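Here are my notes on the model you asked me to look at.

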Amino acid sequence: MQNIDWKNIPFGFSETDYNVRCYYRNGNWGEIEVSSSNTINMHMAATCLHYGQEGFEGLKAYTGKDNKIRIFRVEENAKRMQKTAERVLMAPPPVELFQKMVKKLIRLNKRFIPPYGYGATLYIRPLLIGLSPEVGVKPAKDYLLIMFALPVGAYFKDGFKPVDMMICRDFDRAAPLGTGNVKVGGNYAASLMSLELAKKEGYSSTIYLDAREKKYIDECGPANFFGIKGNTYITPTSESILPSITNKSLIELAQHLGYKVERRPVPFEELSEFDEVAECGTAAVITPIKRIVDPTLQKEFFYGEEAGPVCTRLYQEYTAIQFGEKPDPFAWTEVVEID
Ligand code: PLP
Ligand code: COI
C-alpha cells in the first residue's frame with residue numbers, strides 16, 4: 001500500500017504511475033498509449049502554447065462502501081470536451097475513446113485510488129491540446145488527448161465548511177459570446193488576477209457577475225452557483241457559465257427529493273433573499289457559502305457559520321450515491337472492474 005496520508009491529502013498535483021495518451025494525426029485518432037513520463041514533448045510553435053488551443057476536463061473515481069470503484073457521469077464530461085473542442089476548432093475526441101481512456105487510466109493507477117472512508121477520490125484530468133506548429137492564427141492539424149490521475153482531498157481546505165466569497169467587479173472571467181460556456185484554459189487565465197485579489201483579502205474565491213451589465217450572478221471561479229429559497233433550488237442561467245455536471249445532477253436530485261427548481265437569471269440583489277447559498281462542481285462538490293462581500297458596493301450578505309439544512313441534505317444524498325452508500329436511481333455511476 002502507499003504511504004499516503006489519505007485523511008490529509010490536498011487538492012494538488014502528486015505523481016502517480018501512468019498517464020494515457022492518444023494522438024489525432026492525419027484526420028484519425030490513433031491507439032491509446034501508456035506513458036510513465038510527466039512531460040509532453042511538443043513543437044515550440046504548437047497552437048496550444050500560442051493561441052490557447054486547448055481544453056480540459058475534471059472528473060473523479062470513488063471507492064465505494066462496498067470497495068467497488070465507481071465513476072460518475074463520464075459521458076457528460078466526454079460530451080462537454082467535444083463542445084469545448086468544437087468551440088476552439090480542435091478535433092473532438094469520440095465519447096467511447098474518452099471513456100476507454102478514463103477506465104484504463106484508473107486501472108493503471110489503482111494503487112493511488114483513495115480507500116473508502118476518507119472523503120478522498122482519484123481526480124482525473126483529461127487535457128486536449130493542439131500540437132501542430134503554426135504562426136498565423138489558425139487551428140492545428142494534429143492533437144493530443146492526454147489524461148492523468150492523482151488522489152485528491154477537498155478543494156477548499158475545510159471541505160464542507162462554509163467559505164467567504166468576494167464579488168468581482170474589476171475583471172471578467174468570460175464575455176457573453178466568448179468561451180465561458182466551454183472549458184478552455186483561457187477562462188482560467190482570465191480568472192487568476194481576481195482570484196489572487198480575493199485570496200489576498202482572505203476570501204476563498206470569487207463570484208463573477210454577468211460581463212455585459214454586471215446585474216446578474218454568473219458563477220464562481222471554479223464552480224457553479226446556487227441558492228436556496230424556502231423549498232426552491234435556484235441556479236443562474238447565462239451565456240458565459242460553464243454547464244456544470246454537478247449542478248445538472250443536483251437539479252435532478254433536488255427535484256427527486258421534492259424541491260422546486262428554478263433556472264433563470266439571478267439578479268445580484270436577490271443575494272439578500274436566499275436562505276442558503278453554495279458553489280458546486282467536481283472539485284468543490286457542494287461548498288456552502290458563509291458570506292458574500294461586494295467590496296465595490298460595500299455590501300455584505302451573511303448566510304451562517306454552518307451549512308444550512310438543504311445544502312447539507314443535498315450534499316449527503318449526492319455523495320452517498322457517489323460513494324455507493326445508497327442506491328443510484330439516476331444511473332449516474334458506473335462500476336469500473338479493476339482486475
Ligand atoms: N464552473 C467552472 C468555471 C468550472 O471550472 C467547473 C469545474 O469543472 C465547474 C463550473 C463545475 O463543473 P462540473 O460540475 O462539471 O465539475
Ligand atoms: C473541476 O471541478 O474539476 C475543475 O476543473 C475545477 C478546477 C480545479 C479548475
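The points below start with the overall layout, go on to the two ligands, and end with a few individual residues.

1. Before anything else, keep in mind that this is a predicted model. The chain is split into domain 1 (6–152) and domain 2 (163–322). Taken over C-alpha atoms, the centres of the two domains are 25 Å apart. Where the domains meet, domain 1 puts in 20 residues and domain 2 puts in 21 residues.

2. Now for ligand 1. It has 16 residues around it, and the ones that come nearest are Tyr188, Glu219, Ser244, Thr246 and Thr282. Sorted by class, the shell around ligand 1 holds six nonpolar, six polar and four charged residues.

3. Which side chains place a polar atom by an oxygen of ligand 1? Tyr188 does, with a polar side-chain atom 2.4 Å from a ligand oxygen, and so does Thr282, at 2.5 Å. Lys183 belongs in this point too: an N or O atom of the Lys183 side chain sits 2.8 Å from an oxygen of ligand 1. How much of ligand 1 does the protein bury? On its own, ligand 1 exposes 390 Å², and 96% of that is buried by the protein. As for secondary structure, the elements that supply two or more residues to the shell around ligand 1 are helix H5 (245–256) and strand E15 (276–281).

4. On to ligand 2. The residues surrounding it are Phe56, Gly58, Tyr123, Arg125, Tyr155, Lys183, Tyr188, Pro222, Thr282 and Ala283. By class, that shell comes to six nonpolar, two polar and two charged residues. Where does the shell come from, in terms of domains? Domain 1 (6–152) and domain 2 (163–322) each give at least three residues to the shell around ligand 2.

5. In the Tyr123 side chain, an N or O atom is 2.6 Å from an oxygen of ligand 2. The Lys183 side chain has an N or O atom 2.8 Å from an oxygen of ligand 2, and 2.8 Å also turns up for Lys183 and an oxygen of ligand 1. From Ala283, a backbone N or O atom lies 2.8 Å from an oxygen of ligand 2. Ligand 2 has 280 Å² of accessible area by itself, and the protein covers 88% of it.

6. Is Cys22 buried or exposed? Its relative accessible area is 0%, so Cys22 counts as buried. Cys22 is part of strand E1 (residues 19–25). Leaving out residues up to four places away in sequence, Cys22 touches Trp29, Gly30, Glu31, Leu97, Met101, Tyr143, Leu144 and Leu145.

7. Phe72 belongs to strand E6 (residues 69–72). It is classed as buried because its relative accessibility is 6%, and the cut-off for buried is under 20%. With residues up to four places away in sequence set aside, Phe72 has contacts that include Lys60, Tyr62, Asn77, Ser249, Tyr318, Gln322, Trp332 and Thr333. Phe72 and Ala61 are eleven residues apart in sequence, and their C-alpha atoms are 7.2 Å apart.

8. Ser191 is in helix H4 (residues 185–200). Its relative accessibility is 7%, so Ser191 is another residue that counts as buried. Once residues up to four places away in sequence are left out, Ser191 touches Arg173 and Tyr208.

9. What are their surroundings? Val285 lies in strand E16 (residues 285–294) and is buried, at 16% relative accessible area. Gln298 sits in the loop between E16 and strand E17 (299–302), and at 73% relative accessibility Gln298 counts as exposed.

Conventions: Residues numbered from 1 in each chain as written. Chains lettered and ligands numbered in written order. Predicted model: local features only at pLDDT ≥ 70, side-chain atom pairs only at ≥ 80, totals over all residues. Heavy atoms only, no water. Near = heavy atom within 4 Å. Polar contact = N/O pair within 3.5 Å; in protein donor to acceptor, adjacent residues only side chain to side chain. Areas by Shrake-Rupley, 256 points an atom, 1.4 Å probe, with all protein chains shown as cover. Helix = DSSP H or I, 4+ residues; strand = E, 2+ residues; numbered from the N terminus. Nonpolar A, V, L, I, M, F, W, Y, C, P; charged D, E, K, R; others polar. Buried < 20%, exposed > 50% of the residue type's maximum accessible area, 1.4 Å probe, protein only. Contact = heavy atoms within 4.5 Å. Domains from an automatic or database assignment.
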